[in-house]
Amino acid sequence: MPGNGDLIRSMRAGGGGGMAAAQELLRRARTGEVTPQELKEAQTLVASPELRDTFKGVATELSAFLSAGNRPVFRDVRALAPDVSQLHDALALPERFLADFTLVQAELLGHPGMTRQEKAERLYAFFETYAARFSELAWGTAKAGQALTGTPQGLYGAVETSPAFTAALTEAERAEALERFDKALKRTNFHQLQADDGRGGLELARQLLEAQTADARALVRPAKLDAPAWKDNAAAQERLAVDVTRARAPGAVDVKPVIIPNVKTQAGVAGAAKKDEAEPKGPTRRSDKVLGGRMLWNALHLLRGEELDDVAKKDAMTQLAIAAGLLLGLIGILVGLLVWL
C-alpha cells in the first residue's frame with residue numbers, strides 16, 4: 001500500500017492517478033492517518049493553477065475538512081471494541097482485553113496527528129468497556145447467555161419469568177481476576193496514565209473494576225487524562241511543520257561553502273597550456289628555409305656547450321647546416337659575378 005508521500009507525489013503528476021490519490025488521501029485524513037503538514041501540502045496542490053481543474057471534485061471536500069479545524073476524525077473507540085455482552089467468563093476477561101487491544105492498537109493509538117492526551121483518553125475509554133462487563137459478571141448482575149430453553153406454560157398461557165443472571169465471583173476469584181488485569185494493563189502501558197487529580201492508571205482501573213453500577217463508574221472517570229511518558233506525535237508534527245515553513249520562507253537562503261581557487265596554480269597551468277598550443281614541438285616545426293631568431297639562439301647555445309634536450313640538439317644542427325649551405329651558396333654567387341665582370 002502506498003504511503004502518504006507516494007500519494008502526494010501522484011497528485012503532483014495529475015491525471016486520473018492523481019485524482020485517485022487525492023481521494024485516498026482525503027479518506028485517510030478522515031481517520032487520522034494524515035499529518036497536518038501533509039494535508040496542507042495536498043491543499044496547496046489542489047489549489048494550484050496547473051492542477052485546479054484536475055482536483056475540482058475533491059477541492060470542496062478538502063477545504064471543508066480543513067476549515068473544520070484541521071483535526072483528523074479518529075475512528076470511534078466503541079467501534080473498535082467487541083460486543084462485550086457476548087462475553088460470559090469474568091476470569092478470562094483480562095486476557096481477552098489484552099488480545100483485543102493488540103489487534104486494534106494501531107487504529108486506537110497509532111495515528112500520527114494524535115496528541116498524547118487523546119491517546120490516554122482513548123485507551124481509558126477502550127478499557128472502560130471491559131471493566132463494565134467485568135463488574136456485571138463479578139457481582140452477578142449480568143444476564144446469563146442461555147438461561148431458558150423454552151417458555152413455561154401456566155393455566156392461562158405463558159408465564160413471565162425473571163431473567164436469569166450469572167453467578168457472582170467469590171472474593172478469591174475477584175482478587176485473582178484483578179491481579180490478572182493489573183498484568184494485562186501494564187502490557188498496554190495503562191499504568192502510565194495520569195489523572196488531573198493525581199490518580200495513576202492502575203488506581204483508576206482498580207476503581208473501575210470494583211464499581212458495581214454505571215453511576216459509580218461515571219464518578220471514577222477523571223476530568224482530564226494524560227500520559228507524560230508517552231511521545232506526543234502531534235507536538236512533533238507541529239515542530240516539523242514550523243521548521244518546514246521557516247525553510248520555505250522568502251528570506252531563507254541556503255548557505256553553501258565558497259571554494260577559493262588557487263590563482264597562481266591555475267594561472268601557471270593556463271600559461272603552460274597556451275605555450276604548448278603556440279609552440280609545436282620537434283620535427284613538426286617549419287623553417288621555410290629562413291634563419292629565424294630561435295635558430296640563431298639555439299645554435300649559439302649549442303656552440304657555448306649548454307645542454308639541450310635531444311630533439312632540440314638535432315633541430316639546432318639541422319638549422320645550422322641549412323644556414324651554412326645558404327651562406328656558401330651566396331658566397332659562390334658573389335665570386336662568380338666578380339669573375340664574370
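There are nine aromatic pairs in this structure, where rings of Phe, Tyr and Trp (its six-membered ring) pair if their centres lie within 6.5 Å. Take Phe-127 and Phe-181, an edge-to-face pair with 5.9 Å from centre to centre and 80° between the planes. For the wording, planes under 30 degrees apart count as stacked, over 60 as edge-to-face and the rest as tilted. Phe-127 sits in helix α7 and Phe-181 in helix α8 (residues 171-187), so this pair ties together parts that are 54 residues apart in sequence. Phe-127 is buried, at a relative accessible area of 0%, and Phe-181 also counts as buried, at 0%. Here buried means under 20% relative accessible area, exposed means over 50%, and partly exposed is in between (1.4 Å probe, protein chains only). One aromatic cluster takes in Phe-97, Phe-101, Tyr-124, Phe-126, Phe-127, Tyr-130, Phe-134, Phe-181 and Phe-190.

Before going further, a word on what you're looking at. This is a predicted model, in which local features need pLDDT of at least 70 and side-chain atom pairs count only at pLDDT 80 or more, while totals for chains, interfaces and linings use all residues. Residues are numbered from 1 along each chain as its sequence is written, and side-chain values use heavy atoms, with hydrogens and water left out.

Now zoom out to the whole chain. It has 14 helices and four strands; these are DSSP runs numbered from the N terminus, with helices being H or I of at least four residues and strands E of at least two. Of the 341 residues in the chain, buried ones make up 31%. Look at contacts between residues at least 6 apart in sequence, and 70% of them join residues at least 24 apart. Contact means heavy atoms within 4.5 Å.

Helix α6 (residues 93-109) packs with helix α7 (residues 116-138) at an angle of about 155°, their axes 11 Å apart. Axes are lines fitted to C-alpha atoms, for helices over the stretch in contact, and angles run from 0 to 180 degrees between N-to-C directions. α6 and α7 are therefore roughly antiparallel to each other; the cut-offs are under 35 degrees for roughly parallel, over 145 for roughly antiparallel, 65 to 115 for roughly perpendicular, and oblique for the rest. The crossing of α6 with α7 is right-handed. A crossing is right-handed if the near helix is turned clockwise from the far one by less than a right angle, and left-handed if anticlockwise.

Which residues make the contact? On the α6 side they include Phe-97, Phe-101, Val-104 and Leu-108, and on the α7 side they include Leu-123, Phe-126, Tyr-130 and Phe-134. By class, this contact of α6 with α7 splits into 12 nonpolar, no polar and six charged residues. For that count, Ala, Val, Leu, Ile, Met, Phe, Trp, Tyr, Cys and Pro are nonpolar, Asp, Glu, Lys and Arg are charged, and the others, Gly among them, are polar.

α7 has another partner in helix α9 (residues 201-210): their axes come within 8 Å and cross at roughly 35°. Again, α7 passes its partner α9 in a right-handed crossing. Tyr-124, Phe-127, Glu-128, Ala-131, Phe-134 and Ser-135 of α7 touch Leu-204, Ala-205, Leu-208 and Leu-209 of α9. That contact of α7 with α9 comes to eight nonpolar, one polar and one charged residues.

The contact of α1 with α2 has seven nonpolar, five polar and two charged residues.

Arg-30 is in α2 and is partly exposed, at 38% relative accessibility. Its C-alpha is 6.9 Å from that of Phe-74, although Arg-30 and Phe-74 are 44 residues apart in sequence. Finally, Asn-189 lies in the loop between α8 and β3 (194-195). Asn-189 has a positive phi of about 65° although it isn't a glycine, and is partly exposed at 34%.
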